[in-house]
Amino acid sequence: MRHVRGSGARTAARGPLVGRTRRVAALLLVAALFLAACDGKREQAASAGAVAAHAEHAGTAQAQDVDAHAAHAEHAGTVLAAGELPGTSLFHLTSAFTAQDGAEFKLAELRGHPSVIVMFYGDCTTACPLLVKSAQDIEAALPSDIAAGTQFVMVSFDTDRDTPDKLRAYADEKGLDKDRWHWLIGSPLLTRQLATLLGVQYRDGGNGVFAHSNLVTVLDADGVPTARLEGLGVDPEPALAALRAAND
Amino acid sequence: MRTLTSIFRKALGQLLLAAACAFGAQAFAASMAAVDGGLVEPLFPIEGEGATVVAAFRIDVLPVTNAEFLAFVAANPEWQRGNVPEVFGGAAYLRGWASGTDLGALDPDAPVTNVTWFAAAAYCEARGARLPTEAEWEFVANAGFSNELGRNEPGYNERVLSLTANRDPVPGPVGHGAANYYGVHDMHGLVWEWVFDIGASFNTGDSRSDGDRRLQLVCGGGSAGAVDKSDYAAFLRYAFRSGLTGDYSSGGLGFRCAN
C-alpha cells in the first residue's frame, strides 16, 4: 500500500515531464547508490528505496487497482478464525474518535459493512468540499440496496480547530448529518495513525491551512482497503466496483 | 539505624516496583535536551510559504536503544515481534531478535532498528512523549557542534555528509558521536530516524496536484528551489523520509522521542 502512486490519467497527461523526471530520477538513483556504496548494504537498500519510490511514481499506471485487488484476493484466500481480523485491517487501530454527536466512535464499529473513508478539514475551501462531494457522488451512484449497506466516514485532521459541533454543522449544511455518515475527530496521534495507514499526508501550515493529499479509500467489511481514488475528479468506478464486490 | 535501613529498603523497593510498573526504568531515565525552538526553513517551500515556526520542545539526547525497546515490548506484549498485525509491521519488524522478548546477539546499547512508524509512535506514547515532528527534528539536526546553526561552522556540511555516508550498516552503541550544540547525540552518524509527520513536507497544499510535487522536488529542476543547496545531507534526509510508509522498517532506521 504505497502512497506514492499516480493515477494513469495523470501520468499520461504529464508525458514529456515523465521522461525528464525519469532521467533525473535515474541520475539521483545513481548518486544515492554512489553515496550508499560507502554505507553498507542496508543503507543502500534504504536510500535506493526512497529514490526508487519516486521512479515508481513516475512510471506506474493504475498500480493502485492492482494493489487493491491483490490485497483483496489475499484476504479472500486467507482462512481466519471466526471474528479474527485480517492482518491488513484498519480496524486494528482501536483508539476512539469522537463523532459529530459527541459519542465515542471506534473504526471497528464499521465492521460488517464496507465503508468509504475520507480525510479532510472543516475550514478547507478548495479541495475538501470536492472530496466530500466525491463520497456523496459514490453514494448516489450506488444501487440503493448497496448504498444502504455502506458507511461513510469523514475524518478531520484539524485537531486544533475542528470540534464535533463544528463537524455536525458542516455536515448539516451539506445535508449529510444523517445515518451511515460519521464525522469524526481524534487525538493528534490517532489522526496521524489513521492518515499513515491510509497513506494520506498532511501538514498544518500553521495558519489553519493544511497541505494534504486527496484520497478516497474503500474498506471492505473487515476494514481492509480494497480501492483508493487518488486526486480530485478521478473516475469513481474502482470505488464503486469495490463496494459492489463487498456486497456480493 | 535499623529503622533507617528498613525505610531505605522500603523506599528502594517501591522505587523498583514503580519502575517495573512503568515499562522500564531505562526508558524513564531517557535524558532529554530542552530546545528553545525557532524557525526552520522548509527545504522545499510551498509558493509563498515562509519558515516553519517550531515552538519550544524537548528531545531525547540519544536514539532509543535495543534495551529500552525490549523493556517496552516486555510491558506491552502487543508490540512484540509476532504479535503485531501486518498493518503495523510485517515480517521485517524487529528482525534479528531471538524471540519476542530476547535481543539475541543484538547490542543492548545500540539504537533499536527494524521498527515501524507505528511501533515508534506507540513507544513514545507509552513514555508520555511523542515522535518529533520533521521540523523539530530538522531544527536539532541543523544545529552545529558549537553553534546554534551548523551552517555557521566551517566544514559543517561536509562533516554531516561524511557522518551520514559513513554509517556502519550495523549501528554501534548510542552516544559515541559528538554532542551537538543542544547536547544531542547521533543525529547524523548512526541511523535514519522516524518523525511524527513522515513525508508531509512534500505536500503541496490544498491543491489538486497531490504527490506530483514531491517527484518534481526531488528529481527535477524543482530541487533548485531548495533553501540550502549545499546541504546535500539534508536533501538526502528529506528524500529518504518522503519514500517511507508507516509499516516500513529497516536495519538503518531508528527513532527518538520528543515532547
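This is a predicted model: local features need pLDDT of at least 70, side-chain atom pairs count only at pLDDT 80 or more; totals for chains, interfaces and linings use all residues.
**Chain B as a whole**

Chain B contains eight helices and six strands. Read from the N terminus, its elements follow the order α-α-β-β-β-β-α-α-α-α-β-α-α-β. Of the 259 residues in chain B, 50% are buried. Among contacts in chain B with a separation of 6 or more, 74% are between residues 24 or more positions apart.

**A sheet in chain A**

Chain A has an open sheet of five strands, in the order β5-β4-β3-β8-β9, and the pairing is mixed. The edges are formed by β5 (181-184) and β9 (225-230) of chain A; each has a single partner strand, so one side of each has no neighbour in the sheet. From one strand to the next, the twist averages 20°.

Within this sheet, β3 (residues 115-120) and β8 (residues 215-219) of chain A run antiparallel and are joined by four bridges. One of the residues involved is A:Ser115, whose bridge partner in β8(A) is A:Leu219.

Helices also lie across strands of chain A. Helix α5 (residues 128-141) of chain A lies across β3, β4 (151-156), β8 and β9 of chain A, at about 170° to β3(A). Helix α8 (residues 188-198) of chain A lies across β3, β4 and β8 of chain A, at about 120° to β3(A).

**A helix pair in chain B**

How do α6 (residues 156-165) and α8 (residues 232-242) of chain B pack, and at what angle? Their axes are 8 Å apart and the angle is about 45°. The two helices, α6(B) and α8(B), are therefore oblique to each other. On the α6(B) side the contact is made by B:Asn157, B:Val160, B:Leu161 and B:Thr164, and on the α8(B) side by B:Tyr232, B:Ala233 and B:Leu236. Sorted by class, the contact of α6(B) with α8(B) has five nonpolar residues, two polar residues and no charged residues.

Helix α8(B) is largely enclosed by the rest of the structure, because 10 of its 11 residues are buried. Among these buried residues of α8(B) are B:Phe235, B:Leu236 and B:Phe240, and also B:Arg237 and B:Arg241.

**The largest nonpolar core**

The largest nonpolar core has 116 residues, and those with the most contacts inside it are A:Val116, A:Val118, B:Ala120 and B:Leu131. Helix α4 (residues 117-126) of chain B supplies the largest share of this core, eight residues.

What does A:Val116 touch, leaving aside residues up to four places away in sequence? The residues touched by A:Val116 are A:Ala135, A:Ile138, A:Thr150, A:Phe152, A:Val153, A:Val216, A:Val218 and A:Ala239.

A:Arg180 has a positive phi and is a residue other than glycine. B:Asn114 likewise has a positive phi and is not glycine.

Is A:Arg180 buried or partly exposed? A:Arg180 has 17 other C-beta atoms within 10 Å, so this residue is partly exposed. B:Asn114 counts as buried because there are 22 C-beta neighbours inside 10 Å. The cut-off used in this reasoning is that a residue is buried if 20 or more other C-beta atoms lie within 10 Å of its own.

Key
Residues are numbered from 1 along each chain as its sequence is written. Chains are lettered from A and ligands numbered from 1 in the order in which they are written. A residue is buried if 20 or more other C-beta atoms lie within 10 Å of its own, exposed if 12 or fewer, and partly exposed in between; C-beta atoms are placed from the backbone. Two residues are in contact if their C-beta atoms, placed from the backbone, lie within 7 Å. Two strands pair if DSSP finds at least two bridges between them. Axes are lines fitted to C-alpha atoms, for helices over the stretch in contact, and angles run from 0 to 180 degrees between N-to-C directions. Angles under 35 degrees count as roughly parallel, over 145 as roughly antiparallel, 65 to 115 as roughly perpendicular and the rest as oblique. Ala, Val, Leu, Ile, Met, Phe, Trp, Tyr, Cys and Pro count as nonpolar, Asp, Glu, Lys and Arg as charged, and the others, Gly among them, as polar. A nonpolar core is a set of buried Ala, Val, Leu, Ile, Met, Phe, Trp, Tyr and Cys residues joined through C-beta atoms within 7 Å.
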